Amino acid sequence: MTQEKTQLDPKEIYDYVKKNARLVEDYIETLGASGMQPSGGIIRPVFSAAWLEAHRKLAAWMREAGLEVRADGIGNLWGLSKGKESGPGYASGSHLDTVKEGGKFDGALGILAALSAVRFLKELYGPPRLNLEVVQLCEEEGSRFSKSFLGSRAITGNFPAEELDQSRDAEGISVRQAARACGFDPGQLAAAQRNDLAGWLELHIEQGRLLETTHTDTGIVQSITGIKHLGVVFEGQADHAGTTPMDLRSDALVAAAQAITNINSLARDLGRPAVGTVGKLSVQPGATNIVPARVELTVDIRHPDPATLAELNRRAHEICQNAAASQSCGVQVELLMEKQAAPMTPAIVKALEDCAAELGISSMPMVSGAGHDSQVMVEKIPSAMIFVPSKDGRSHSRAEFTPLEQIMPGIALLAQVFYRLAY
Ligand SMILES: [Zn+2]
């Protein structure tokens, strides 16, 4: 085996991947047809008819590639390229579910890249030394049920059984009912947990513009960013817009406007990868001739370094206090949600960097500003992510697109690192 390994020419893998580009394109287009709307957007929530149809296509392709196929209790789909030796193996994949009117690439590409890489390696070099698995993970987007990451949380033992009945969609259907209707056995939830994986890899579109603007083939994710969501309420006083002089007003919207501008500047001044967004605002009473009395808004701040995120949070609070004081308003700031940053596993990150260099593929270290299943996986399994470019940074949209020639380097990198780890 060792002897075979030293004979590997990385170009061989890359050439084979390129030679089979049409197969990858066919996978993407055929899978993208499941849930496709006349608008060109995809609606494919977990356990829907469109999702199940796509699930079946994947299972058929896995079998065609010579993989052993099974679904676990929550509906994750596994395709195993059985290793010649026992012992912990490696897995790669992503999610099949889309947001409403999403695109063909977010999630789906990660599964198809893993399937392609494992299939190509098997065709070139036969069965691996250690198990290699391709995985479809359930409900990453949270577009059907209130809680996301169903699949990766089941795999890492982070999915409390109560949630099967408690978590319901807009029609009141529980996770258990929806999974059963697709033919899965949620009673087997505990058995979905995996303690025998040596590593996890996820290829994903960047969903941003950094790779495209720097003409870099791949991003190697060092960390998935930490997030805090704040709910802010400014309380002023409703007064007549014609009769109340400017100097006697408590205008909650003016306070909010100041806070919005200053939170934007705060993140801007701190520089990448800090981000700060006010994306939701409500104004009451909301009339043309009344001074706004109450404004509710949300603040989304993100940074991969916990200390910097804490500082962003402290200063966002300070900005809201100062903005309120300047307009003689009251303010309350509440933490709505927080997610710790998830650093990827250095050894796997290093393997990706080394393999990219061997293949002559350009790569850059990146922080993921969006959440991914890998942030759940890394809690239990050594993990890393590969980003490929997104045209114009578009994502969660039917405009999502990555040309085939920008996908091939990512698949070659995944194949190369799998070869290094498992052959
Ligand atoms: Zn995704």
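Predicted model: local features only at pLDDT ≥ 70, side-chain atom pairs only at ≥ 80, totals over all residues.
User: Fine. How do H2 and H5 cross?
Analyst: Helix H2 covers residues 10–19 and helix H5 covers residues 108–125. Their axes come within 10 Å and cross at roughly 120°. H2 and H5 are therefore oblique to each other.

User: Which hand does the crossing have, left or right?
Analyst: The crossing of H2 past H5 is right-handed.

User: Which residues touch there?
Analyst: From H2, Glu12, Ile13, Tyr16 and Val17. They meet Phe120, Leu121, Glu123, Leu124 and Tyr125 of H5. By class, that contact has 7 nonpolar and 2 charged residues, with no polar ones.

User: And H4 against H5, what angle?
Analyst: About 10°, with the axes 10 Å apart. H4 spans residues 49–64. That angle makes H4 roughly parallel to H5.

User: What's in that contact?
Analyst: H4 brings Leu58, Trp61, Met62 and Glu64. H5 brings Ile111, Leu112, Leu115 and Arg119.

User: Switching to the metal. What holds the zinc ion?
Analyst: The protein donors are His95 through NE2, Asp106 through OD and His204 through NE2. They lie 2.0 to 2.1 Å from the zinc ion.

User: How are the donors spaced along the chain?
Analyst: The spacing reads H-x10-D-x97-H. His95 is in strand S3, residues 89–95, and His204 is in strand S5, residues 197–205. The pair therefore ties together parts 109 residues apart in sequence.

User: Is His95 buried or exposed?
Analyst: Buried, because its relative accessibility is 0% and the cut-off for buried is under 20%.

User: What about His204, buried or exposed?
Analyst: His204 is buried too, with a relative accessible area of 1%.

User: Back to the helices. Where does Arg56 sit?
Analyst: Arg56 is in helix H4.

User: Buried or exposed, that arginine Arg56?
Analyst: Exposed. Arg56 has 55% relative accessibility, and exposed means over 50%.

User: How far is Arg56 from Gly102?
Analyst: Their C-alpha atoms are separated by 20 Å. Along the chain, Arg56 and Gly102 are 46 residues apart.

Technical notes
Residues numbered from 1 in each chain as written. Heavy atoms only, no water. Axes fitted to C-alpha atoms, helices over the stretch in contact; angles between N-to-C directions. Helix = DSSP H or I, 4+ residues; strand = E, 2+ residues; numbered from the N terminus. Parallel < 35°, antiparallel > 145°, perpendicular 65-115°, else oblique. Left-handed = near helix turned anticlockwise from the far one by under 90°. Contact = heavy atoms within 4.5 Å. Nonpolar A, V, L, I, M, F, W, Y, C, P; charged D, E, K, R; others polar. Donors = N, O, S within 2.8 Å, 3.2 Å for Na, K, Ca; no water. Buried < 20%, exposed > 50% of the residue type's maximum accessible area, 1.4 Å probe, protein only.
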